Amino acid sequence: MNVLARVVAHRLFWPVVMLLVLFAINLIAFPGFFTVSVRDGHLFGSLIDILRNGAPTLIIAVGMTLVIATRGIDLSVGAIAAISGAVACSIILGSPTPGSLATVAVAVSVALLISLVLGVWNGFLVAVLGIQPIIATLILMTAGRGVAMLITEGQILTVNSPPFKFLGSGFWFGVPIAVIIAAVVFGLAALITRRTALGMFIESVGINPEASRQAGVRARGLLFAVYTFCAFCAAIAGLILTANTAAADANNTGLFIELDAILAVVIGGTSLAGGRYSLLGTLVGALVIQTLVTTVYTVGIPPIATMVFKAAVVTVVCLLQSPTTAEAFSGFRRRLALRAGKGVAAS
Amino acid sequence: MTKLLDAPQRPARSGGPAGPAQRQGLARSIRSLLTSPKYGPVIVTAVLFVAVFVIGGVRYRGFFSGQVFLNLLVDNSYLIVLAVGMTFVILTGGIDLSVGAVVALSGMIAASLLQSGWSPGVVIPLILVLTSVLGLLVGLMIHVFKVQPFIATLAAMFLARGLCYVISQNSISITDETFVQLAVARIPLGGGMSITPSVIIAVVVVAVAVWVLHATRFGRTVYAIGGGEQSGLLMGLPVARTKVLVYVISGFCSGLAGVLFTFYTLSGYPLTAIGTELDAIAAVVIGGTLLTGGYGFVLGSVLGVLVLGVIQTIITFEGTLSSWWTKIFIGALLLVFIILQKVLTARRR
Amino acid sequence: MTDPAAPVVEMRGISIEFPGVKALDGVDFRMFPGEVHSLMGENGAGKSTLIKALTGVYGIDAGTITLSGEHVSFSGPAQAQAAGISTVYQEVNLLPNLSVAENIMLGREPRRLGAIDWRAMRRRSAELLGGLNLDIDPGSLLGDHSLAVQQLIAIARAIDVNAKVLILDEPTSSLDTDEVAELFRVIRSLKEQGVAILFVSHFLDQVYEICDRLTVLRNGKLVGEYLVEELLRIDLVQKMIGKELTVLDDLEQRARSVVVDESDAATFVNASKLGRRGGIQPADLPIAAGEVVGLAGLLGSGRTEFARLLGGIDRADTGELTIRGKATKLRTPRQAISHRIAFSSENRRDEGIVGDLTVRDNIVLALQADRGWFRPIPKKRQDELTQSYIQTLNIRPANPDALVRNLSGGNQQKVLLARWLAIAPRLLILDEPTRGIDIGAKAEIQKLVFTLAENGMSVLFISAELEEVLRLSHRVVVLRDRRVVADLENDGLTVDALLALIADGSVEADAAELADAAELAPVTASVTSVAPADAAASAPQPPTDPASGGRA
């Protein structure tokens with residue numbers, strides 16, 4: 001009873017249940033769901049697809065988790081993804097040797113470098129000017145797509161560059177490159193924040209900025225770091241997305257991905273009010289979102305209705321995590337206990 | 001706006017020479033007006049609007065006319081209505097991301113129902129009721145279940161957008177007589193100038209909103225929630241009801257804006273009005289409403305819409321500027337106004 | 001009409017339970033019309049819970065509430081207000097973005113034809129403000145006024161509703177002497193009108209001055225109800241804390257015996273002409289190693305502002321700080337910490353604890369920040385550190401993984417102290433470390449200050465309670481009107497002498513009140529009640545500008 005209560009109370013309980021329910025639905029609709037086969041030395045299967053397609057969202061969500069933990073939010077990630085894709089593609093297109101590894105390396109590096117600048121800009125607005133994060137990043141969210149269009153001159157830039165394409169759809173030891181990149185980003189973030197004191201500082205600043213300042217925590221540097229990291233993640237995701245289709249579309253690359261990423265963080269149990277965060281939760285959240293999309297396909301619902309289901313998932317998760325629901329539950333349990341007359345404590 | 005007259009000021013000290021003291025008092029009260037978080041941004045927006053309009057007039061032939069100004073209203077009447085609803089929400093310190101999707105949804109509902117032969121007299125009220133109910137659900141989610149407004153309205157946005165696709169993936173055009181009539185109707189104002197029925201609707205909405213916010217208990221409670229929800233609660237104000245109602249109002253306004261938008265486009269399309277929520281938020285912010293809530297005016301938001309409109313018009317007149325510059329300009333304007341708000345509120349602290 | 005001898009409020013057997021805590025356990029409480037009643041108790045005694053039960057903020061789990069003989073059950077503050085129970089909370093709960101008039105009338109605005117009648121509203125609020133001798137424009141924004149004025153506006157709001165019961169929760173904590181006198185005048189006149197007033201304050205002087213009856217709570221239980229004139233202060237304090245006061249006496253004797261070792265008393269920190277516009281006039285302050293320096297002064301005298309400069313919280317715009325003979329400019333708290341200067345804020349909740357982190361994280365925070373994020377303190381070392389402070393400071397619950405926000409005020413203060421002790425400071429600045437915490441924890445903290453000084457740590461100690469300052473300090477620095485006015489060795493200093501220095505010429509005293517105060521030998525001589533005592537020492541100085549406080 002006690003163990004069960006503690007499991008139910010765990011912040012990851014509902015997200016994991018949600019994921020398992022989605023898996024179960026898939027398994028019923030498509031018995032081969034968990035099958036992973038090796039074809040041409042590459043891993044194939046629904047799970048692999050979920051991981052691969054969910055990689056960009058997960059990468060951004062990792063950066064977003066840290067931003068949200070500092071009481072922030074970054075709405076500009078979609079725009080940054082579009083900008084990085086546009087930059088990389090225009091460099092590759094402008095080069096005489098679009099297929100060479102060096103060209104792609106330069107393109108990717110420049111795109112990532114620009115994302116760092118954009119991240120520093122967000123960090124500057126938030127940390128130095130002290131503007132509310134939602135507003136500060138709204139600026140780049142609005143202007144960023146304009147900038148991306150400026151770079152692509154309103155065109156969809158299609159590139160023919162095998163090394164670049166590899167970034168989006170390649171495999172390494174049978175595992176999709178996108179998944180490997182996501183794993184590396186996730187692992188690095190977890191390692192850096194939890195093995196050093198960074199995580200504690202991030203949470204501390206998110207919970208009480210003034211107390212943290214007086215305790216000697218330098219919030220300014222920290223904010224710069226998380227926004228820059230988040231922009232960097234966004235750029236990586238943007239490159240993967242662009243490489244996947246081998247085309248930079250300033251309007252549609254990373255459209256709504258900021259919302260998916262925020263959703264993943266929230267489903268994972270990190271509060272938008274900042275403070276304690278869970279990268280593992282974010283991982284589960286990102287998987288829930290991607291599995292949902294896949295489920296909609298497998299079950300045979302028209303894919304266009306995915307958004308309705310996303311709405312349903314957001315609502316359900318939010319209502320389950322709501323303090324009101326928790327209260328109602330414990331009240332219900334207390335009444336049950338009273339009725340049973342045994343006085344079993346609710347906790 | 002009578003409150004403008006009694007902005008806080010200390011009486012000039014008696015005994016001193018009256019002339020300079022008075023002038024000093026005036027200068028000080030003007031300065032306090034400009035640096036007040038309440039009035040400062042609105043005044044700056046008004047000045048900016050006039051300035052941009054004058055610059056346009058100087059640069060382009062035919063810009064400086066009444067009709068160009070009226071066209072700002074004609075082209076942006078739906079955005080004005082959206083901004084009104086958004087103002088209510090932002091004044092309480094919330095935000096509504098769903099408005100763009102709801103505009104698209106009401107367009108889709110209108111187009112598909114009209115196509116299957118429903119009467120506009122039924123369709124329009126139905127849309128308004130549906131979007132208000134959606135707003136109500138969002139409000140309840142925010143208030144009862146303590147979901148952040150950002151997330152709750154995000155869910156509503158997904159829902160509305162998804163429902164658009166469920167209705168149809170393609171554009172549905174509207175051929176209904178009444179709608180077409182309303183779309184093409186012009187109301188002459190004399191001197192060759194005219195407006196559309198949409199403008200009148202928008203003006204009525206603005207007038208009602210101004211009255212509600214300024215002169216009713218509900219309106220003052222909206223401001224109170226933005227100033228401090230906990231305090232409002234302890235003062236015994238109907239915080240719960242008000243907080244839910246602002247989202248109903250925003251839902252209603254989005255529905256109405258959707259109807260006005262279909263008058264304008266005469267079709268329903270699921271991908272329409274993407275990013276309109278950003279325009280509405282930008283208009284409200286540029287119009288001087290503090291995003292943390294508590295300070296701002298509906299008329300400011302209308303000014304904000306006009307500023308966005310006039311920039312668009314200038315880009316059209318310029319001809320050589322590509323459309324994406326609009327986004328960059330709006331972004332830059334947002335930046336300027338947000339920093340302005342920051343400076344003004346920081347100085348007061 | 002109700003019988004004057006019948007209680008207007010009667011609460012019986014009130015119990016309220018929060019997850020894991022029984023906040024109130026079968027408490028009885030009553031109030032009579034036309035009397036001032038005080039609710040006394042340590043932190044965590046259940047005072048605010050009882051008030052919130054009466055005002056409808058919390059629902060009650062058991063018990064009954066009777067108002068003027070009728071059973072009531074409020075589902076919110078609005079209902080309680082409508083029934084005639086008005087409250088002014090400790091933190092001013094008003095709206096800075098609205099006008100003064102609206103803050104007074106919100107929820108009961110006069111209306112004409114469905115619309116708010118702004119003119120009538122301004123007229124009515126001007127009347128109410130006039131009744132409190134407050135001459136401000138009702139149309140001005142509330143946020144433009146000082147905290148004290150806001151407090152009075154809150155009271156204006158509370159008395160407008162024809163309240164039968166007026167609850168004042170710590171109303172004097174942000175008021176200066178003049179304003180307290182003004183408030184008491186208002187309270188007395190309301191009392192004459194038959195209003196039952198619940199006056200909650202930590203200041204015993206004020207309670208004894210204004211209250212007729214008091215109810216003591218301890219740990220969520222009722223201790224008893226007493227007439228103020230029949231209860232000695234020492235008895236009251238004992239009933240509140242439930243243990244003998246010997247700890248404090250014990251300390252006093254040790255204080256006399258502690259002497260700074262002159263040979264080792266090299267000046268650790270020396271502030272020269274250190275100042276900040278709007279905060280503190282340039283002032284000097286040398287602090288020797290192992291010395292405890294007390295800062296005495298009224299709220300707003302510059303005592304906190306001065307301490308913040310020394311702690312690097314605010315930047316000084318004039319003067320310099322010499323640390324161990326080296327001139328230094330402190331720009332951030334972090335720099336101060338690297339010089340081993342620790343500043344513990346008076347505002348524990350907003351500037352001290354990090355509520356959602358564990359006790360362990362809170363304790364290691366400053367030390368870790370000083371080491372930088374890249375060199376984490378090993379888990380084992382963190383645990384040792386935490387465990388040792390939990391034991392030495394007697395932090396309860398003794399669980400390193402408990403979230404600090406769930407601890408009581410006194411224990412949160414101890415966690416904060418542990419955080420600062422963990423960096424092994426050479427100078428520890430304690431701004432009101434004992435405010436709002438129970439007497440037991442207070443004594444422990446005072447004792448700790450001694451031990452630290454004995455071990456060579458310098459301490460800058462700020463407290464509103466002059467006795468505490470005198471008991472602990474080797475030297476007392478007195479501030480007034482943002483200026484250092486005296487720097488005295490604590491050798492035969494008395495509370496009265498300090499009071500005279502603090503209040504000198506800044507307050508006009510009332511002769512009658514002076515006589516009153518002379519009879520009340522203060523147990524805790526708090527600086528906010530100094531008005532009467534200073535008259536004798538008052539030198540003929542120009543009166544302070546009446547416009548500066550926003551009041552006429």
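Predicted model: local features only at pLDDT ≥ 70, side-chain atom pairs only at ≥ 80, totals over all residues.
We start inside chain A. Two packed helices are described by the angle between their axes and the distance between the axes. In chain A, helix α4 (residues 77–94) and helix α5 (residues 101–128) have axes that come within 8 Å and cross at roughly 150°. Angles over 145 degrees count as roughly antiparallel, and α4(A) is therefore roughly antiparallel to α5(A). The crossing of α4(A) past α5(A) is right-handed. On the side of α4(A), the contact is made by A:I80, A:I83, A:S84, A:V87, A:A88, A:I91 and A:I92. The residues that α5(A) brings to the contact include A:V104, A:A107, A:V108, A:A111, A:I114 and A:L118. Sorted by class, the contact of α4(A) with α5(A) holds 14 nonpolar and three polar residues, and no charged residues.

Chain A also touches chain B. The contact involves 36 residues of chain B and 33 residues of chain A. On the chain B side, two or more residues each come from α5 (120–144), α6 (149–167), α12 (276–286) and α14 (324–348). Of these elements, α14(B) gives the most, with 12 residues. The side of chain B that touches chain A is made up of 26 nonpolar, six polar and four charged residues.

Chain B as a whole contains 14 helices and four strands. It has 349 residues, of which 52% count as buried. Among its contacts between residues at least 6 apart in sequence, 78% join residues at least 24 apart.

Chain C meets chain A as well. Here 24 residues come from chain C and 20 residues from chain A. In chain C, α11 (333–338), α12 (348–352) and α13 (359–371) each supply at least two residues of the side that touches chain A. The largest share, six residues, comes from α13(C). By class, this side of chain C has 13 nonpolar, four polar and seven charged residues.

The remaining features are strands of chain C. An open sheet of four strands runs in the order β14-β13-β16-β17, with antiparallel pairing. At its edges stand β14 (280–288) and β17 (326–328); each has a single partner strand, so one side of each is left without a neighbour in the sheet. From one strand to the next, the twist averages 20°. Within this sheet, strand β13 (residues 267–276) of chain C is joined to β14(C) by six bridges, and the two run antiparallel. C:R276 stands opposite C:I280 of β14(C).

Strand β21 (residues 475–480) of chain C has two pairings to follow. Parallel to β21(C) runs strand β15 (residues 292–296) of chain C, joined to it by four bridges. In that pairing, C:V293 stands opposite C:R475 in β21(C). Six bridges join β21(C) to strand β22 (residues 483–489) of chain C, and these two run antiparallel. There, C:V478 has C:A486 in β22(C) as its bridge partner. β21(C) and β22(C) form a hairpin with two residues between them, and C:D481 in the turn has a positive phi of about 50°. Five of the six residues of β21(C) are buried, so this strand is largely enclosed by the rest of the structure.

How values were computed:
Residues numbered from 1 in each chain as written. Chains lettered and ligands numbered in written order. Axes fitted to C-alpha atoms, helices over the stretch in contact; angles between N-to-C directions. Parallel < 35°, antiparallel > 145°, perpendicular 65-115°, else oblique. Left-handed = near helix turned anticlockwise from the far one by under 90°. Contact = placed C-beta atoms within 7 Å. Nonpolar A, V, L, I, M, F, W, Y, C, P; charged D, E, K, R; others polar. Buried ≥ 20, exposed ≤ 12 C-beta atoms within 10 Å, placed from the backbone. Pairing = 2+ DSSP bridges.
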